[in-house]
Amino acid sequence: MYFSTFMNQLFHAEDRVCLQMGDPENPQLSKDGDIILGGIFSFHRSWINRRDTYMHKPLPLQCISLNFRGFQYAQAMLFAIDEINNSSDLLPGITLGCKIYDSCGSIARGVRASLALINSQETTFKLSDKCTKPAQVQAIMGESSSSPNMAAATVIGPFHIPLISHFATCACLSDKNKYPSFLRTIPSDHYQSRALAQLVKYFGWTWVGAVRSNDDYGNNGMATVIETAEELGICVEYSVAVFRTDPMIKILQIIDIIKSSTSKVIVTFLSPGDLNVLLQEFSQHNLTGYQWVGSEGWIFDSHTAAMDQLNSSSKELFREFWEALFDCKFENSASTTTENQRECSGHEDLAGVKNTFTDMSLMPIFYNIYKEVYAVAHALHDILSCNNTCNKTAQLDPFTILHHIKRIRFKTKEGDEVYFNENGDPPAKYEIINWQPTENGNVEFVPVGLYDASLPADRQLTLTNRTLVWAQNSEQVPVSVCSEKCPPGTRKVLQKGKPVCCYDCLRCADGEISNSTDSISCVRCHSEFWSNERRDACIKKKEEFLSYEEMMGALLTAASLLGTCLTAVVMFIFFRYRRTPIVRANNSELSFLLLFSLTLCFLCSLTFIGRPSGWSCMLRHTAFGITFVLCISCVLGKTMVVLMAFRATLPGSNVMKWFGPAQQRLSVLGFTLIQVFICLLWLTISPPFPFKNIKDFKDRIILECALGSAVGFWAVLAKFITFSMLIFCAVWVTFIPAYVSSPGKFSVAVEIFAILSSGFGLLICIFIPKCYIILLKPERNTKRNLMGKEAPTH
């Protein structure tokens, strides 16, 4: 009853009041101004974990381990604000202020700070007041890491308040569906990952290890590196993740993996804290000789700059910062005091201090903060229609500011152009830094190249001619491959069960070549070419034929000419003694025709020697066939005369009248004409022609005469075999298998040998005995002797 009465009174009260639940979040640094910008940086690295008992209200997060980098980021933001406020060209008459929170490296605290920046700091308000008030800040300069920005962007995204980061590089933040109000002044890892892979490819490293931070930054970045590396033919031997809070046993497992690997290049996507943990173990295990290729997280520059002192609205933070900066203690300090620690005077000089705060190696990152503040200022300048003055009555809303920031395009005093693409990312340009030790033991960060993703693919990566220093201070580019390059003349064969970068080099087979390094296949040479000894070039095959210059061709030529000469000598002897009985008894007319045909047979064998041509191919077989038929026809005529002579001795026989001189001439003419007809038919239908035989031998070309019509060839051959006699028949019966089985030019030699053997056989068997009688036994060259009627001896 009491509760309902109280509620009734409350609802009927004229001034109903709402109270904020929880403690208000106050900024650690602040600066008054007409337009307020927010900032979230990690002034501390960690916090004290408390165990909640759920018996009382949780205490505020107690941050520990001061982080000078966070102060540098904040000072860079304040420096840009002061420069804009002192400018008459940008936002004239308008002053910018800021509220900067410390996230302590905690994602939850970063989200809490984001909500504090967009909400009012009032702890009470009346229900009669408007609830739809504009956000207290117009834009927020976000944290350095990707994961905290992802959380903050998710929370403030629906309110369209711009969140701009100077160091969050995860490609996932380019997704405008998830993070519609997120922008950044550092390129996305989408480009950096590809730049790392191209850099590895540039130096010929195809076998690398991969180490990443086990967070959104490392996991997403390394995934893109590996994907691009595989497209470029680079193999990753191992890929491991590490985080600074991992137990030592996991760190040691990673060390063991690296120690057992064969790759000498390690590609990293690590934050500095994770890298330091790994390098400490490297040092303890004395691991050297590895070439490290890293992302922007631990690539530093050597620029220096002067920094003004901080203006802090939090005395505790300022006191803590001052004590840590100058290693002193204020009187009544709450922090732990060590022995012999001097007291802070408040007038310490920064010039003599050397620590993280005075280290300007991250100047490019400070410059990113500078650019994001100026990006917001240029957007406000456009919205407020600033010229000599600005329209201070214009209503500002986050959506309009976000829209204008996405569209701005300006140049800084240094000449750098600032703009954002449709994903809220700046143009991707990276400086390639080489760590080079100096004589005094320090490390110099030397720029050696540039990667510009806006250029064509073949011009994105450029390296200067400066000397690079590699692992162990070597000036030689380290080699990191699973298998050495396959030289020309070989091809790659993948090793079973291993990545594509691990392979064996096999020599190309005969007749195949590869004329490039790391060829995946060998190319077969053209049919008229053959591979050289190194298998890296095709050379024209040697053409082979029976020539006059070689020994076999010269001997056959000599034999042919000898046969011609001997036949001529016999012909001369027969002509000289043409009226003697032995010449007349052998039908001198057929004898001279036979000697003439033998001369042609010996001479036609010369057409088989030399490079085959169209006329020689047609001439060699047809001329030989015709002349040899003429020769055999004469032999046949002489044989028939002898046969008829024997039959004529029989009583009542008159056969000689059927085979007289006229019949002998007609038989020779008839057989020869038949052969001529066969040859003309052969030449008309399918004549022989020059032919390059590339089948019998792989490494050379046999120049020979193709038969054209095999039927014609064997018809010509069978014709004179049919009429052959004695040794002539034996020679040609032997020739057939020898000719068929002899390869290349040897088949031509066999044919010439058969021709010469036949010719010499006929010449020796028929004419040499008669020449012997004519020249050496003239007393036997009588008609009586020829008829077998020897003179009686007295």
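Me: OK, so a salt bridge is a side-chain nitrogen of Lys or Arg within 4 Å of a carboxyl oxygen of Asp or Glu. Which residue does Asp-518 form a salt bridge with?

Reply: Lys-485, and the closest N and O atoms are 3.7 Å apart. Keep in mind that this is a predicted model. Asp-518 lies in the loop between β22 and β23, while Lys-485 lies in the loop between β19 and β20, so the pair ties together parts that are 33 residues apart in sequence.

Me: Is Lys-485 buried or exposed?

Reply: Exposed, at 54% relative accessibility.

Me: How many salt bridges are there in the whole structure?

Reply: The search finds 16. One of them joins the side chains of Glu-83 and Lys-413, at 2.7 Å from N to O. Glu-83 is in helix α2 and Lys-413 is in the loop between β15 and β16, so this pair ties together parts that are 330 residues apart in sequence.

Me: What about burial for Glu-83 and Lys-413?

Reply: Glu-83 is buried, with a relative accessible area of 18%. Lys-413 counts as exposed, at 62%.

Me: And what does Arg-535 meet in a salt bridge?

Reply: Asp-510, at 2.2 Å from N to O. Arg-535 is in the loop between β24 and β25, and Asp-510 is in the loop between β21 and β22, 25 residues apart. Arg-535 counts as buried, at 8% relative accessibility, whereas Asp-510 is partly exposed, at 44%.

Me: Which residues are linked in a network of salt bridges?

Reply: Glu-528, Lys-540, Glu-543, Arg-611 and Lys-692.

Me: Now Lys-371. Why no salt bridge there?

Reply: The nearest side chain of opposite charge, Asp-416, is 5.6 Å away.

Me: Where is Lys-371, and what is it in contact with?

Reply: Lys-371 is in helix α10, residues 363-383. Leaving aside neighbours within four places in sequence, Lys-371 is in contact with Thr-185, Phe-410, Thr-412 and Val-418.

Me: Switching to rings. How many aromatic pairs?

Reply: The count comes to 16. In one of them, Tyr-202 and Phe-203 have ring centres 5.1 Å apart and planes at 85 degrees, so that pair is edge-to-face. Tyr-430 and Tyr-451 form a tilted pair, with 6.3 Å centre to centre and 40 degrees between the planes. Tyr-430 sits in strand β17 and Tyr-451 in strand β18, 21 residues apart. Both Tyr-430 and Tyr-451 are buried.

Me: Which residues do ring pairs link into a cluster?

Reply: Phe-79, Tyr-367, Tyr-370 and Tyr-374.

Me: Which ring does the charged end of Arg-409 sit over?

Reply: The ring of Tyr-419, 3.8 Å from its centre. Lys-492 also lies over a ring face, that of Tyr-503, at 4.7 Å from the ring centre.

Me: What does Leu-90 touch?

Reply: Not counting residues up to four places away in sequence, Leu-90 touches Ile-84, Tyr-374, Ala-377, His-378 and His-381. Leu-90 is in the loop between α2 and β6, and is buried at 7% relative accessible area. Its C-alpha atom is 7.9 Å from that of Cys-386, 296 residues apart along the chain.

Me: Last one: which residues does UniProt list for "transmembrane region"?

Reply: The unreviewed UniProt entry lists several spans, including 551-575 and 666-685. Residues 551-575 are 100% helix, with end C-alpha atoms 36 Å apart. Residues 666-685 are 100% helix too, with end C-alpha atoms 28 Å apart.

Definitions and conventions:
Residues are numbered from 1 along each chain as its sequence is written. This is a predicted model: local features need pLDDT of at least 70, side-chain atom pairs count only at pLDDT 80 or more; totals for chains, interfaces and linings use all residues. Side-chain values use heavy atoms; hydrogens and water are left out. Helices (H or I, at least four residues) and strands (E, at least two) are DSSP runs, numbered from the N terminus. Buried means under 20% relative accessible area, exposed over 50%, partly exposed in between (1.4 Å probe, protein chains only). Lys and Arg count as positive and Asp and Glu as negative; His and the chain ends are not counted. Contact means heavy atoms within 4.5 Å. Rings of Phe, Tyr and Trp (its six-membered ring) pair if their centres lie within 6.5 Å; planes under 30 degrees apart count as stacked, over 60 as edge-to-face and the rest as tilted. A charge sits over a ring if NZ of Lys or CZ of Arg is within 6 Å of the ring centre and within 35 degrees of the ring normal. UniProt positions are given in the numbering used here, feature names are shortened, and annotations may be inferred rather than shown by experiment.
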